[in-house]
Amino acid sequence: MSAVGISEQVPAQEIDLPQLEKSLRHPRTLFSSFMSLMTGVVTFTAVVPLASVLILLAINGGKRLDLALFTDLPPAAKMIGGGIGNALVGTIVIVFIATLISVPIGILAAVFLAELGPETRTAAIVRGATKVLSGLPSILAGVFAFTAVVLLTGTLSAPAGGIALAVLMLPTIVLTSEEAIRMVPHRMKEAAIGIGATRTQMVCYVVLPTAFPGILTGVMLAIARAAGETAPLIFAAGFWDYWPRHLIQPTPSMAYLIYDFSGSPYKNQIEIAWACSLVLVVMVLILNLGSQVILRRYFKTMK
Amino acid sequence: MEPQATIARPPTSGEILRDRLFRGTALGFAWFVILLVVLIVWQIGFTAAPTVQEHGAKLLFSDKWDGKDNFGILPEIVGTLYSSILGVAIGAFFGITVAIFLTQDFLPPTLEVFIKNVVELLAAIPSVVYGLWGIFVLIPAIHPACDWLHDHLGWVPFFNTRLSSLGLLPAALVLAIMVMPTITAISRDSIASVPPKLREASFGLGATLWETILAVVLPTASRGIWGSIILAFGRALGETMALAMLAGSASEIHWSVFAPANTLAALLASKFPEASRPELGALMYAALVLLAITLLVNVIGALITQRALVKGVR
């Protein structure tokens with residue numbers, strides 16, 4: 001109504017006052033407000049899956065969350081009860097082996113990239129190689145471990161799984177450690193050199209202790225990612241229905257158990273798959289949130 | 001003044017030796033990273049070589065897989081590309097929208113950080129858990145909508161089959177959820193690095209918020225956004241579990257998004273546990289093809305992001 005009134009008072013060709021007004025009646029502002037609203041709706045929709053996953057994990061997985069889940073073997077078809085004991089042990093063993101391999105290599109390569117030869121051609125190639133590794137599909141890390149280890153030893157095994165996961169953990173550890181080492185203030189390094197320390201002493205006594213929280217964050221994130229990886233373990237570690245007796249044999253893992261039981265026609269196995277997912281997600285989220293807490297404290301002390 | 005004289009001294013020969021050793025080890029491990037990449041390509045290529053010699057490029061264009069003589073992987077190649085394009089398209093729509101929502105002052109900063117962290121958590125959940133969720137939650141949830149689309153728009157090639165239970169669409173949706181955090185994070189950074197003066201100049205000319213976003217902010221940040229999409233595409237190509245669990249493992253080529261499909265990675269995961277000699281060779285062939293495709297996409301992505309950094313506005 002008022003828009004009509006204004007256009008009667010002022011001829012449109014002289015000055016178009018309504019054009020200067022911000023009013024929902026104009027197609028332009030209407031479009032803008034509509035888009036802003038839609039953006040909010042879309043963002044809300046994007047968060048729904050996470051909420052849905054977490055809630056259903058709590059409901060479906062919570063049903064079977066008891067002591068037996070952690071101590072019993074997975075149930076065979078038509079059996080009742082059972083747990084994920086051997087898969088939990090298997091996942092811990094495989095991830096431990098992967099950490100043992102990838103952490104020293106990753107940190108020392110990062111020391112080279114950040115301290116010893118940051119501008120060299122080797123460093124440029126190493127950075128490129130790290131990028132390639134971080135884009136490597138996880139299943140190809142499994143295929144690599146299969147061709148390099150399983151075909152030689154003749155059996156799927158925990159070390160083969162560990163090597164596959166180490167390949168996937170390595171780029172994360174190298175990139176985060178390099179960043180953490182670069183954040184160590186120059187004056188600290190110069191002070192160490194200034195009192196006559198060798199580069200090695202500087203790195204070991206000054207740089208690495210100072211960068212430790214940042215490096216730890218990267219290692220925790222890499223472990224969190226590795227613990228949930230399934231595809232490489234199909235090729236490298238396989239599965240085993242009983243307690244693993246030694247390292248060089250097919251080794252069960254939580255991720256593989258979820259995959260295997262998700263297609264099961266038996267209600268009991270599906271319930272175990274949900275419970276196993278809940279345990280796995282809680283482990284992964286604790287590692288993720290823990291790494292963020294460490295990082296936040298670290299940033300505070302650096303300031 | 002004796003103590004001062006002993007504090008400063010040249011490094012002993014032991015310390016120099018240790019310094020050399022440590023530096024050598026660090027350099028060695030740095031080289032090891034390069035060696036590892038070469039080793040991975042070599043190992044996969046070497047194991048696939050007998051099959052490549054026997055069949056040549058023929059397998060790339062054949063759609064027959066019987067586990068004995070015929071190992072055509074054309075449906076898997078098409079399925080890999082189709083599911084990734086679909087998943088990344090959906091993921092990019094949501095990811096870029098969230099990135100805009102988090103950078104254009106719609107929300108107070110604390111809430112922005114909260115939503116950013118929530119989206120990052122989406123990436124932390126293992127893909128096998130998404131697969132389980134997809135089977136028992138997502139598929140029943142989207143089933144009515146898919147049936148409606150088929151009943152009313154069945155003449156459109158994309159909807160011309162009925163969703164049985166597993167199919168391309170649920171797999172692509174889970175793929176979208178999994179790549180969205182990557183797209184959001186990188187797009188958010190590149191949108192946030194658009195100089196504020198550009199936005200302010202646009203507002204000063206009388207543009208509305210969305211005219212500014214569409215005509216000024218997004219074009220300026222476009223290289224970073226494209227980089228994030230290609231990076232996400234590379235991830236989607238190699239994603240295994242969600243597709244092995246949800247896509248339906250069917251060696252067929254369909255236009256319909258409701259039809260079951262298969263991808264290279266899912267083929268590897270589902271066929272490997274029971275594979276015998278000739279089939280194993282074919283799987284290695286598929287692994288080699290997957291490696292080639294992902295390497296290519298990653299190199300293109302790296303080139304684009306590098307140019308974005310060089311030409312980026314500062």
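These legends accompany several close-up views of a predicted two-chain model.

Residues are numbered from 1 along each chain as its sequence is written, while chains are lettered from A and ligands numbered from 1 in the order in which they are written. Because this is a predicted model, local features need pLDDT of at least 70 and side-chain atom pairs count only at pLDDT 80 or more, whereas totals for chains, interfaces and linings use all residues.

**View 1. Confidence across the complex.** The predictor gives the complex an ipTM of 0.88 and a pTM of 0.88. Per residue, the guide is pLDDT, the predictor's confidence in each residue, from 0 to 100. Chain A averages 87, with 91% of the residues scoring at least 70; chain B averages 86, with 95% of the residues scoring at least 70. Please take care with residues 1–7 of chain A, where pLDDT stays under 50. For this stretch the model has 6 contacts beyond four places in sequence; two residues are in contact if their C-beta atoms, placed from the backbone, lie within 7 Å.

**View 2. Where chain A meets chain B.** The contact takes 66 residues from chain A and 67 residues from chain B. On the chain A side, helix α3 (residues 27–62) gives the most, with 17 residues. Helices (H or I, at least four residues) and strands (E, at least two) are DSSP runs, numbered from the N terminus. The chain A side divides into 43 nonpolar, 20 polar and 3 charged residues. Here Ala, Val, Leu, Ile, Met, Phe, Trp, Tyr, Cys and Pro count as nonpolar, Asp, Glu, Lys and Arg as charged, and the others, Gly among them, as polar.

**View 3. Helix α3 of chain A against helix α4 of chain B.** Two packed helices are described by the angle between their axes and the distance between the axes. Axes are lines fitted to C-alpha atoms, for helices over the stretch in contact, and angles run from 0 to 180 degrees between N-to-C directions. For α3(A) and α4(B) (residues 109–124), the angle is about 45 degrees and the axes are 9 Å apart. That makes α3(A) oblique to α4(B); angles under 35 degrees count as roughly parallel, over 145 as roughly antiparallel, 65 to 115 as roughly perpendicular and the rest as oblique. The crossing is left-handed, a label used if the near helix is turned anticlockwise from the far one by less than a right angle, with right-handed used if clockwise. From α3(A), Thr43(A), Ala46(A), Val47(A), Pro49(A) and Leu50(A) meet Ile115(B), Val118(B), Val119(B), Leu121(B) and Leu122(B) of α4(B). This contact has 9 nonpolar residues, 1 polar and no charged.

**View 4. Helices α8 and α10 within chain A.** Helix α8 (residues 158–182) packs with helix α10 (residues 199–228) at about 150 degrees, their axes 8 Å apart. The pair is therefore roughly antiparallel, and α8(A) and α10(A) cross in a right-handed sense. Among the residues that meet are Leu165(A), Leu168(A) and Met169(A) in α8(A), and Val207(A), Ala211(A) and Gly214(A) in α10(A). By class, the contact has 13 nonpolar, 6 polar and 2 charged residues.

**View 5. Helices α7 and α8 within chain B.** Helix α7 (residues 196–204) and helix α8 (residues 209–220) pack at about 160 degrees, with axes 10 Å apart. Leu198(B), Arg199(B), Ser202(B) and Phe203(B) of α7(B) make the contact with Thr212(B), Val216(B), Val217(B) and Thr220(B) of α8(B). That contact comprises 4 nonpolar, 3 polar and 1 charged residues.
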